[in-house]
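Hi everyone, thanks for coming. Let me walk you through a structure that may be new to you, one part at a time.

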Amino acid sequence: MIGAVPSAVMTVNALTRRFGDFVAVDHVSFEVRAGEILGYLGPNGSGKTTTIRMLLGLLKPSEGGASVLGYDIIRQAELIRANSGYMSQKFAIYDDLTVWENLQFYGGVYGIRDKRRIRQTVEQVGLSDHERTLTRELSAGWRQRLALGIALVHQPRLLFLDEPTSGVDPIARRAFWDLIYQLAAEGVTVFVTTHYMDEAEYCHRVGMMRDGKLLAMDTPTALKAVFVRGEVFEIVTDPLLESLNALEKAKGVQQVALAGDHLRAILQEGLGEAGLKAVLESAGVRFLSVRRCEPSLEDVFLCLSKRE
Amino acid sequence: MNEILIRAEALWKRFGGVAAVDGVSLQVRAGEIYGLVGSDGAGKTTTLRLLIGAIKPEAGNAFLGGFRLDRQADKARAVTGYLSQRFSLYEDLTVLENIRFFAEVRGMRQNEWYPRCMEILEFVGLAQFRQRRAGQLSGGMKQKLGLASALVTRPRVLLLDEPTTGVDPVTRQDFWQLIIRLAASHDDGEGIGVLVTTPYMDEAVRCHRIGFMRKGRLIAEGTPAALRERFKDTILELQGSPLAWLKELAASHPLVKDVRSFGDRLHLRLAEGDASAATVSLEMEKAVWAGGGEFKGAKAVPPTLEDVFMALAEAEE
């Protein structure tokens, strides 16, 4: 049932890129295995796209290096690009070409002339009903599938997706991820960047970037277990601001913040609901309800930032 | 009930034959943060542009602070602050000069603007940076300067277009703390009305009430808790390996309506409440071990707002 551990598709060693005094990517090291979906999570400007550009051999590192699909990013960049797919945030799709024509055009760039492969790609990304549609008439979700198709037309073993689902609704996003899971199951390795915490939950492993540094990398479950050392609660009280002030000062409260009509708090293990009630009652606020909830990757990020 | 500060009445706007905003009605009261959630093209930004009066509706009315936008536009705008996604600040001017500019454009007098600017800079945490050029600010500080500029005239209505898309979680957390405090307290003691547009559920979840937008229409509206309650199915989270095989196994279980991969986990959607969660969990555990896989655990998890949105949108189709 369980096969051998797949080999590394990417090995990244102390990869660094400076622009003048600014360190965009700061000694980043990690490995990605075949068939893995690795998420690269971080805010805009944290170094995600710069990392991809180096891994594709488009930008030379200032320090460190990486091997991608067994090729060196500095000396064998062309081989990497020939064997990888890349879907970028601002990808040029020709609006006045049809879906089919766009795929044919980009297939041609990779030397693919076989119509069967174009047809297969159209089917793979679920665009069979739209192959004669002009690209400008596609919805955001369909357009994004076309962009994926273009990245896949030459059957790469490794796929880089840079913020692939920004601006699409949850249904289109889910459908897109189903395609990604299918590709991963077929052995394609996927490296995907996102600034969207909820999307990172879809990845097998997640690396958290901030200011060019890789703060942590692990499965979403392990990240939560390791870095959120406590229990997360949603607390409804009245008035909210007084409760916030009381909890900010209370012992055993690691973190507390306003979250709309309630508070979200991370409490040291052991304090629990009873301890929480005691703090709030002595502050004289009306305690309405409390609900234990799952830590989020946002909680992880906030905890990691605090440790710095 | 608090005063209604933002009101849209059956707003309707068409672009090239397509209804971009199709009969949208909503109300935001003092002290309330309302999140308008939807994808690009769902109509949320058009709704916002109708509300600030940047474009005119073909039908319907909008009211800001009680003033009807088409008849009392100046008064409506005077009570409104607006922060757009692409907020432009003057990079060569200092923080204070930027705010002063906005204050003067909005007609504040000399003796008014300075104390107000200082107060608002204090509030957003930029007071010590007031002499710094805007071009030298970090992304998070720019965001706060944008907010400060929108707030300088003491608006009762605040319209925010995707205020924290792409910013880091620490900045996002800070920013939302400010918005939530603002909504709760205003100089008049009543609170302000805030409308936020966003495509992201993790942003929406911080709002008091949420409206889901799809294809120009509001398909559902309510507090995050109330919206979650509309989702009747149970979600069972399953962990183990190998995941692809587990997924097939789960999908073939008669009580499982749908299986979604979720990173290193699976989310099984079950029809009939907690009893079925226990049954499915036990049966999966047995089947996984019997098949030579590894079962790491299963537990019922609350539905996310994304689950709710999906279920509502599917029901619409």
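Let's start inside chain B, where 7 residues of domain 1 of chain B are in contact with 7 residues of domain 2 of chain B. On the domain 1 side, α7, β9 and β10 of chain B each bring at least two residues to that contact. If we sort that side by class, we get 6 nonpolar, no polar and 1 charged residues. Before going on, please keep in mind that this is a predicted model.

For chain A, the domain assignment gives domain 1 as 8-218 and domain 2 as 226-307. Here the C-alpha centres of the two domains of chain A lie 38 Å apart. Domain 1 of chain A puts 10 residues into the contact, and domain 2 of chain A puts in 8 residues. On the domain 1 side, at least two residues come from each of α7 (197-200), β9 (205-210) and β10 (213-218) of chain A. That side of domain 1 of chain A holds 7 nonpolar, no polar and 3 charged residues.

A word on confidence while we are on chain A. Its mean pLDDT is 90, with 97% of its residues at 70 or more. Which element of chain A has the lowest mean pLDDT? That is helix α11 (residues 297-307) of chain A, at 85, while strand β4 (residues 63-68) of chain A has the highest, at 97.

Back to chain B, please, and to one of its sheets. This open sheet has 6 strands, in the order β6-β7-β8-β3-β9-β10 of chain B, and the pairing is mixed.

Let me zoom in on one pair of strands. Strands β3 (residues 33-37) and β9 (residues 209-214) of chain B run parallel and are joined by 4 bridges. One residue to look for is B:Tyr34, whose bridge partner in β9(B) is B:Arg209. Packed on this sheet is helix α1 (residues 44-52) of chain B, which touches β3, β6, β7 (157-161), β8 (193-198) and β9 of chain B. The direction of α1 makes about 150° with that of β7(B).

Finally, how do the two chains meet? Chain B contributes 44 residues and chain A contributes 40 residues. On the chain B side, α6 (169-184), α7 (201-204), β11 (234-241), β12 (256-262) and α11 (305-316) each supply at least two residues. Of these, α6(B) gives the most, with 8 residues.

Helix α6 (residues 170-185) of chain A packs with α11(B) at an angle of about 100°, their axes 9 Å apart. That angle makes α6(A) roughly perpendicular to α11(B). From α6(A) come A:Pro170, A:Ile171 and A:Arg174, and they meet B:Glu306, B:Phe309, B:Met310 and B:Ala313 of α11(B). By class, this helix contact has 5 nonpolar, no polar and 2 charged residues.

How values were computed. Residues numbered from 1 in each chain as written. Chains lettered and ligands numbered in written order. Predicted model: local features only at pLDDT ≥ 70, side-chain atom pairs only at ≥ 80, totals over all residues. Contact = placed C-beta atoms within 7 Å. Pairing = 2+ DSSP bridges. Axes fitted to C-alpha atoms, helices over the stretch in contact; angles between N-to-C directions. pLDDT = per-residue confidence, 0-100. Domains from an automatic or database assignment. Nonpolar A, V, L, I, M, F, W, Y, C, P; charged D, E, K, R; others polar. Parallel < 35°, antiparallel > 145°, perpendicular 65-115°, else oblique.
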